[in-house]
Amino acid sequence: AFAATHAPFAGDVQARVQLRLDAYAAGWRDQHRAACEATAAGAQSSHLLDLRIACLGRRRAQLSALVEVFTEADRKVVEHAVQAVAGLPSVETCGDVQGLLTAVPPPSEPATAARVEALHLRLARAASLEATGHYEQGLQLAAQVRAEARSLGHAPLDAEAALVEGSLRIVAARPEEAEAALVSALHTAIAHDLHAVAAEAAAKRLFVISDGLGRPAEALATQPFAEALVERAGDDGRLAALLHNNLGAAHEQHGDHTTATRHYERALAILARGPDALDPLLVVIHHNLGGMYLDEDRLAGAREHYTRALALCKEILGAHHPLAAHPLAGIGDVDARQAAFAAAQLRYSEALALMVASYGPDHLYLLHPLAGLGRVHAARGEPAEARRSYERAVAIADLHHANHPLLAEALAGLAALATAAGEPERARVLSGRADRVRAALPAG
């Protein structure tokens, strides 16, 4: 199915996905064997064995749901496949005796228990659709499951469905709805000692309030509670890394780059000693640090983190994966700031080619390398090439009716070119539009 997409990165991704799926399956078998042997040796009760096997059954269902999505793969699925496998819930938690014993038991009535199990399978597919980039399909399914879960009154299913729905509303750019769903997940999870669900909901809600709703101070007020919930969840470190990355982003948006750096670096340290030394979140964190250092004009640090993000992207996802285009363009930004225009042009061109091959010629991601190329060509005294790059960026933004800082930059660049070409009226119109775009952007 991956090969049939003809994506240039499909082969690299498939090989990496296969290794991760095999490793997950091997871990599942180890946990299953350990559960059986502990009972055979008299080290645990048959009740605890039932709880462990039920937990492993849910993990197997989640693995199965993801593989099913993989067999229907399109390019979007292939692009997100490694990250999706890396995001599967840990099988190690099925050996957490205390957590299993304190969990809410399944319904005692057989018909209700069977319905809960069927809804868990549908929710696993919704989570797999989210992980592989099919947000609207996943959101529709998650909302249906959540509505049915509420009617059953089974708290774990209700909380998990609200968490999946909230996560999907984040990536579907519906922050108000996302926060409402996450608050519901958080409330139900805390009330019923569902520690991992509560911790993930708190970490994601902090991000929604800061990034989606633009209220970083309010988001940071929840930090002590989110940290306590993550500590109580006691997972393998992935929740803590997610929280510290989100805290880094919130402090960065709030203007405290020193504290943001501390949280980003804490997230990196947690992942370094976790079970997956090549967690895809590493790419995101290094990219975030690169962007923050670039904003501060700390160019050596920006280059270091963008370069590390690019190297990790190639190692974790493959040399032709489209995610590599983003740190490539970031390195181009550093080169341009340092007046290394030939190097910057090469980086922007590589990023643009990778994005076009992966997303097509009209994706909004193209704004970054196109605006960069316009900037570089203008600096090198190549006005015709600069104008073509800027105009292409404007056309893409207009196609999507997008208000974006890079649209404002492209319009201002075209205005400067018009002024230099002796076209004051054209320059005035372009400059006025650039000002209107900037004025309509959200604060920060």
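Start with the lining of the second largest pocket in this predicted model: select its residues and colour them by type, and you will find eleven nonpolar, four polar and six charged. To find its middle, pick out Tyr 24, Asp 236, Arg 238, Pro 275 and Asp 276, which are the closest to the centre among the 21 lining residues.

Which helix gives the most to the lining? Select H1, which spans 10-40; H1 contributes five residues, the most to this lining.

Now move on to a pair of helices. Select residues 175-191 for helix H8 and residues 195-212 for helix H9. Their axes lie 9 Å apart and the helices pack at an angle of about 155°. An angle over 145 degrees counts as roughly antiparallel, so that is how H8 and H9 run relative to each other. The crossing between H8 and H9 is left-handed.

On H8, select Pro 175, Ala 178, Glu 179, Leu 182, Val 183, Ala 185, Leu 186, Ala 189 and Ile 190. On H9, the partners are Val 197, Ala 198, Ala 201, Ala 202, Lys 204, Arg 205, Val 208, Ile 209 and Gly 212. Colour this contact by type as well: 14 of its residues are nonpolar, one is polar and three are charged.

Conventions: Residues numbered from 1 in each chain as written. Predicted model: local features only at pLDDT ≥ 70, side-chain atom pairs only at ≥ 80, totals over all residues. Heavy atoms only, no water. 1 Å grid on protein atoms, 1.4 Å probe; cavity = no way out; pocket = protein on both sides within 12 Å on 5 of 7 lines; lining within 4 Å. Helix = DSSP H or I, 4+ residues; strand = E, 2+ residues; numbered from the N terminus. Nonpolar A, V, L, I, M, F, W, Y, C, P; charged D, E, K, R; others polar. Axes fitted to C-alpha atoms, helices over the stretch in contact; angles between N-to-C directions. Parallel < 35°, antiparallel > 145°, perpendicular 65-115°, else oblique. Left-handed = near helix turned anticlockwise from the far one by under 90°. Contact = heavy atoms within 4.5 Å.
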